[in-house]
Amino acid sequence: MEEVGGPTCTGEVSKHDAVVCSGNSEIKSRAVVKYSAAPPPASYAVLQEKTDLKLPPANWLRENPQLGSAGTTALGSSSKSKPFSSFGMAYDFIDCIGDDVDVVSDSENIKKLLKIPYSKSHVSMAVHRVGRTLLLDELDIQELFMRSSQTGDWTWLKEFYQRLIDQKWQRKKKSKEHWYQKAILSKFLYYSINGDGAAEPVPDNLNEGDEESGAEEFSPSWPNTITSSHTDEEDSAASKQGLRNDFVRNIMWTFEDIHMLVGSNMPIFGGGRYPAVSLRLRDNNKPINILTGIDYWLDNLMCNVPELVMCFHVNGIVQKYEMIKTEDIPHLENSTFSTRVVKDIAQNILSFLKSNCTKEGHTYWLFKASGSDIVKLYDLTTLCEEAEEEKCQNPFTLPVAVLLYKVASNLMLKARQNRKHNGTIRTLLLNCVKLLDQERHPQIIASAHYMLSELFQLDEPPEEDGTESLRAGGSEDSYSDEDREEEDEDLTEESDENSSYSSCSRPQDDSKAVAVIRSVGELSVPEKYKSTHQIRPSCAFPVSQDKEERCRHVLSYVLKGLKAVDGTIKKESDLPAADPNTPIPLKYEDRTGTLQYDQKYPTRSGMIPGSWQHRMKLQLFLKASKAYYVLSDAATNLLKYGRALRYIKLSLQCYDAYCSVSGALHPQVLLFHSQCLSLCGDIQLMLAQNANNRAAYLEEYSYQTKEDQEILHSLHRESSCQAFNMATDLAMDPEYQLFVSSKCYEAAYELLVSEALKDHAADQLAQVLKRLGNIRNEMGVFYMNQSAALQTEKEVKRSVSVAEQEMWKKSFAFFEKGMKDFEAIGDKTNTALLLCNTGRLMRICAQAHCGVADDQSRGEFSPEEALYYNKAIDYYLRAMKSLANRENHPAVWDSVNWELSTTYFTLATLLQDYAPLSRKAQEQIEREVTEAMMKSLKYCDLQTESARQPLYQYRAATIHHRLASMYHSCFRNQVGDEHLRKQHRSLAELHYSKAVCLFLSLKDAPCELLRTLLERVAFAEFTMAGQSSSAAKLKSLTGALEIMTETRHAFQLIHKELLEEQIESSDLASTLTSGLNIEEVVKLIGVFEPSFSFLLLQLVKLMTTAKRKPSNKDEELLKTYKNVYSKLLRAEKNTPLLSRVMFYIELLQQLTAETGSDNKGSVS
């Protein structure tokens, strides 16, 4: 709304700052009219001298916008404040309340307070605090006690007043003089509007219309559900209590550093030297006193009127007019006063009230008896509680509660941008709820609890930088410590009429008072009273990093809100019995047009759609659902899957109840529902993967708090809450849990691609597709493992069972679907993983199709096996292609690489060990074996340092060994083609050499190394057998012996492992950690000994029978060979294995030292 300055004759928008001088000091005053129901001021009519004001003008008592309510009372202008006038203003200008404004009151009350040190009149005001704002209203004790006599209310206050303040209270009537003065003032004002007495009628609803339009922009714009849910109750409460803003104008008045929102009905006219003047009637026989001067001065300051026009009369006969500038009023004869002192009074009273009216929601009573110098402040709310009266006994309770609620609603809008208000809002709402009776005001209570639940951030933790302001809830500096004041009218002229307020005061009065001003003179002392009270010291907002704690706060408020709503809905037993003569209305569809009847059909509990209960329940159900979702998510992160499932079940039950009372679902609600389903799928998947902890999860799932049970009870009033039972039940079967998880993700996916959400959820859709791909992978793996388990359980090898085939089909179908999901979001890494898993499935299929001979032993390598192994290879190659290179995802790349190498190796091994000779020629098989082995070798990553590097080395060594063995065999069996024989011989030598190098580098494969070396010796022996010359034979035998000496490395490794085993056995170790195969070692020694003996014997024979003369070196060698051979022959055959191995090492060491073959052998 535009801020309209003090009304001017042109009606232009204006703001005026008035600086009033008093001696050498200046008083700063600034008034801005926030709202005015009066038209631009018209010039006043100057009455002719001798005009008799006792005679009524023609337009007397006709409603006139120029005079506002001042002219509508039966006998002229009433200066009496309405008991709730400040609340009417506060409701209209809710934006200012709690923070920007220090005082809200009628201008008459302000004047009354500022005149306290000068006046003997009584003061009786109700004070309420909202944040840093004080609301001041006249508390008419006479009227209150008259009402008490009729209704029985406030009897406790009447007794308290009579006991402590005035024992002989009785109502005094106003004097005839009082009514006479009122009447001639009223007539004077009507004469002044229009000199000829003509008066134009004004529509009755003019003021109301203007007022409503003026208030409209300042009404809170809280979300529709909240506004509409409380509007009816608030409005009815407001109208019952007379809480309308009936002032002609509302002014934002800044007096020095005090900000006040005041209501004024003072008539303002045009004319004179200034565009606005105030008009006063004075009895020429009575001089202007100091109280009247202050009164006139303050009125003009508040309304920003620069000039005062005084009309003097004698016995109602007009004598003369006089014009006085506002700044000259403090210097008038007989009414001189210091504006600086008035300023000090204002600041002292404000500080006094702020320091002592500390509790929001409490009604304080500021009281000064007539003729007394002592001002006392009582806390009526506390006195009422002590008297054990009901809340409704205090008529201020509801207006205060509604105001607290409205201020909180208004702050809530700001809180969305800046959460520093959260502590303040929470305090306002808690105080509001504390004041109200749930049975009488369930709407406001339910709304307040919903707003309390909205204060807690569920989606993210509080920011670090904002924590301090949240905890503080507003520091003392955020409110200025000042005060406000009000009064009735010229108290000199009324002080005698209110003599019923006794001036007697006793010391014991103070025991009930919150605070006391011992002498009104103290108020004139600058800064005598200073506000030391920290506003809202206990309004710290509960900031917690713990999500569960925040959610529990939310749920406790939601539950209170639901209870408030449920309490207003009639139960079936409360409904009147059905009339047998009245037909039951049936729901039917009107084909002729849209049927609105459905919209009003009650819900399960009896709620009418569109009612405040309906709207509030929708909000509360959704809030509860979100809180349980966050709890479930937090429990999932803590690996508490049983608890997580319980919470997501409650979340979905809240959503189910929401759906049952909601006509349509907003896209944001559907989006949230898809998140719930997605989380439920996650939890079911985790439960399936952690089957070992099922008992603990069941215990977590079964536990329920009393709060959860009560919320569930409220949900059941609207819905059976069974819609999501399948998704949220804790099953014992992992397969079923995986199935449920899959269904949850599918439902979430269907929601996201639906018409309502297809343009809203691109990010979430990608996440759900990823989860879908993952669950389908999990299910594929599950059925693949099931089929593998079926294979191992088979006692006898037989054809593939139907059950196995079903498992393969299911597994394959899930892998295929999963791949499509990942491809849809361009996730190449996960696509590669699924291709890899499909490859593994193909290998399991291949294993199931292995050939079986008649004696149940392993048969030849079958075509089906070859088919499935080749399919597996295809899938692994597709996975490699999907990844493109190792840099994209090293771990997945290495895994696929390994699997591919393994598949080629397995294929080659099976072809070699179980050659399909019945179907293929030996040469073809050898080619296929070589090809598969070389491809396996190609994918053996020997360079990259990783956990798999030793495995790759072992596999590469094994491949070389197997290829060498195959070429060795070919060389032995090949007859005729000498070129091919030489080729086989060189290939065998090459692969034996590479195998030995790799086995040597491994350090943990002594048996394999020993076997390879013995085979290589055998190969050399076979080569020697085909030679005829002694020299060639000697050379071959020497080479064979050098190979034999390399077995020393293998025996040293075997010796080391045997020693470790022996130590562990002596330590009574239950299990041996060594991987040494003792049987294999014994078997290999059985080959080693005769081969070693044979080599030594042949060498001794050849060297002895040599025709040429032996050199010294040859003789030494011969001697060594004989010595070693002798020792070998004499060795005990039954010695322990460890001793025999040590013996062989010594013999080989002796040979190595003699021949110097150590270096050569180690690199061959």
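Modeller: Cys-836 counts as buried because its relative accessibility is 7%; buried means under 20% relative accessible area, exposed over 50%, and partly exposed in between (1.4 Å probe, protein chains only). Cys-311 is likewise buried, at a relative accessible area of 0%. This is a predicted model, in which local features need pLDDT of at least 70 and side-chain atom pairs count only at pLDDT 80 or more, while totals for chains, interfaces and linings use all residues. Residues are numbered from 1 along each chain as its sequence is written, and side-chain values use heavy atoms, with hydrogens and water left out.

Colleague: How many disulfides does a search of the whole structure find?

Modeller: A disulfide is a pair of cysteine sulfur atoms within 2.5 Å. The search of the whole structure finds zero.

Colleague: How many salt bridges does a search of the whole structure find?

Modeller: Side chains of opposite charge can pair when their charged atoms come close. A salt bridge is a side-chain nitrogen of Lys or Arg within 4 Å of a carboxyl oxygen of Asp or Glu. The search of the whole structure finds 37. One of them joins Asp-102 to Arg-132, with the closest N and O atoms 2.3 Å apart. Asp-102 lies in the loop between α1 (85-92) and β3 (103-106) and Arg-132 in the loop between β4 (123-130) and β5 (133-138), so the pair ties together parts 30 residues apart in sequence. Both Asp-102 and Arg-132 are buried.

Colleague: Why is helix α2 largely enclosed by the rest of the structure?

Modeller: Helices (H or I, at least four residues) and strands (E, at least two) are DSSP runs, numbered from the N terminus. Helix α2 covers residues 107-114, and eight of its eight residues are buried, so the rest of the structure largely encloses it. Among those buried residues are Glu-108 and Lys-111. Salt bridges that share partners place Glu-108 and Lys-111 in one network that also includes Lys-115, Arg-280, Asp-295 and Asp-299.
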